Amino acid sequence: MKINFYSFKFLTSLVLMMFVSIVFAQTTPPINVCVGSPTNLGVDISENSGTGTTGSTYAWRIEDASQLGGVFTPNGNKVNITWATSDIGKTFTIKVIETNASCEGEEKTYQVKVNESPIEPTITVNTSPVCNIADAIFTITGTPGSTVNYTLNGTPGSEVITST
């Protein structure tokens, strides 16, 4: 069988596209979480009132577990993770595999990015007293980049916090 140059080029391109599609199809964006808020993950939670598949065991693990400052607590088909401040800015890969009757299922992978907890916004009135027909000036502080939504005289508005 003789393959000409164009057929070879087409087949090579096709195989490359299939490989790239498979690699990119498996990539999911990370789940963003905040320090101070525990993360609960689970599989098969719609089965048996949330306890998973009858007869199954679930093996949870976190890659680079030595990097985790918080607490990783697997419990059957669920895991609870409490994040520490040392985890801020890190992305963790969490994996679980189900085994039933000595048969392993497909591994499920989660990516979790740990962020700083937002600073609760505060509002300060800069003009006192606020008089009728005069402008009132307010200062809003909180986590930079956060959006504060408000209603003033029945009109909704929003502002992005630029500094703490």
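The tour goes from the whole chain to single residues.

**Before you start**

This is a predicted model: local features need pLDDT of at least 70, side-chain atom pairs count only at pLDDT 80 or more, and totals for chains, interfaces and linings use all residues. Residues are numbered from 1 along each chain as its sequence is written, and side-chain values use heavy atoms, with hydrogens and water left out.

**Stop 1: the whole chain**

Show the chain as a cartoon. Helices (H or I, at least four residues) and strands (E, at least two) are DSSP runs, numbered from the N terminus. Follow the chain from the N terminus: the order is α-β-β-β-β-β-β-β-β-β-β-β-β.

Now show the surface. The accessible surface of the chain is about 11,900 Å², and 58% of it belongs to carbon and sulfur atoms. Accessible areas come from the Shrake-Rupley method with a 1.4 Å probe; for residues, only the protein chains shown count as cover. Of the 164 residues in the chain, 18% are buried. Buried means under 20% relative accessible area, exposed over 50%, and partly exposed in between (1.4 Å probe, protein chains only).

Contacts come next; a contact means heavy atoms within 4.5 Å. Among contacts between residues at least 6 apart in sequence, 46% join residues at least 24 apart.

**Stop 2: colour by confidence**

Colour by pLDDT, the predictor's confidence in each residue, from 0 to 100. The chain's mean is 83, and 82% of its residues reach 70 or more. Which elements have the lowest and the highest mean pLDDT? Helix α1 (residues 5-25) has the lowest, at 49, and strand β5 (residues 78-82) the highest, at 97. Select residues 18-25: the pLDDT there is below 50, and beyond near neighbours in sequence this stretch has zero contacts in the model.

**Stop 3: along strand β6**

Select residues 91-100, which form strand β6.

- Thr93 lies in β6. Thr93 is buried, at 13% relative accessible area. Its side chain makes a polar contact of 2.8 Å with the side chain of Gln111. A polar contact is a pair of N or O atoms within 3.5 Å; within protein, one must be able to donate a hydrogen and the other to accept it, and residues adjacent in sequence count only if both atoms are side-chain atoms. Leaving aside neighbours within four places in sequence, Thr93 touches residues including Arg61, Ile62 and Tyr110.
- Lys95 is also in β6. Lys95 counts as buried because its relative accessible area is 15%. A polar contact of 3.0 Å joins its side chain to that of Glu63. Beyond four places in sequence, Lys95 touches several residues, among them Trp60, Lys108 and Thr109.
- Ile97 is buried too, at 19% relative accessibility. Not counting residues up to four places away, Ile97 touches Thr57, Tyr58, Ala59, Glu104, Gly105 and Glu107. From Ile97 to Asn77 is 9.4 Å, C-alpha to C-alpha, and 20 residues in sequence.

**Stop 4: a salt-bridge network**

The whole structure has four salt bridges. A salt bridge is a side-chain nitrogen of Lys or Arg within 4 Å of a carboxyl oxygen of Asp or Glu.

Select Arg61, which is partly exposed at 39%. The side chain of Arg61 meets that of Glu63 in a salt bridge (3.8 Å, N to O). Arg61 also pairs with Glu107 (3.4 Å, N to O). Arg61 lies in strand β3 and Glu107 in the loop between β7 and β8 (108-115), so this pair ties together parts 46 residues apart in sequence.

Move on to Glu107, partly exposed at 34%. Glu107 meets Lys95 in a salt bridge (3.7 Å, N to O). That pair links the β7-β8 loop to strand β6, 12 residues apart. Shared partners join Arg61, Glu63, Lys95 and Glu107 into one network.

**Stop 5**

Most residues other than glycine have a negative phi. Asn48 lies in the loop between β2 (39-42) and β3 (56-62) and is partly exposed at 40%.

Ala101 has a positive phi as well, about 55 degrees. Ala101 sits in the loop between β6 and β7 (103-104). At 65%, Ala101 is exposed.

**Stop 6: a nonpolar patch**

Finish by selecting Ile123, Val125, Val130 and Phe138. Together they form a nonpolar patch on the surface, with about 370 Å² of accessible area. Patches are made of residues with over 30% relative accessible area and no salt bridge: like charges are joined within 9 Å, nonpolar side chains (Val, Leu, Ile, Met, Phe, Trp, Tyr) within 5 Å. Val130 is in the loop between β9 (122-125) and β10 (138-141).
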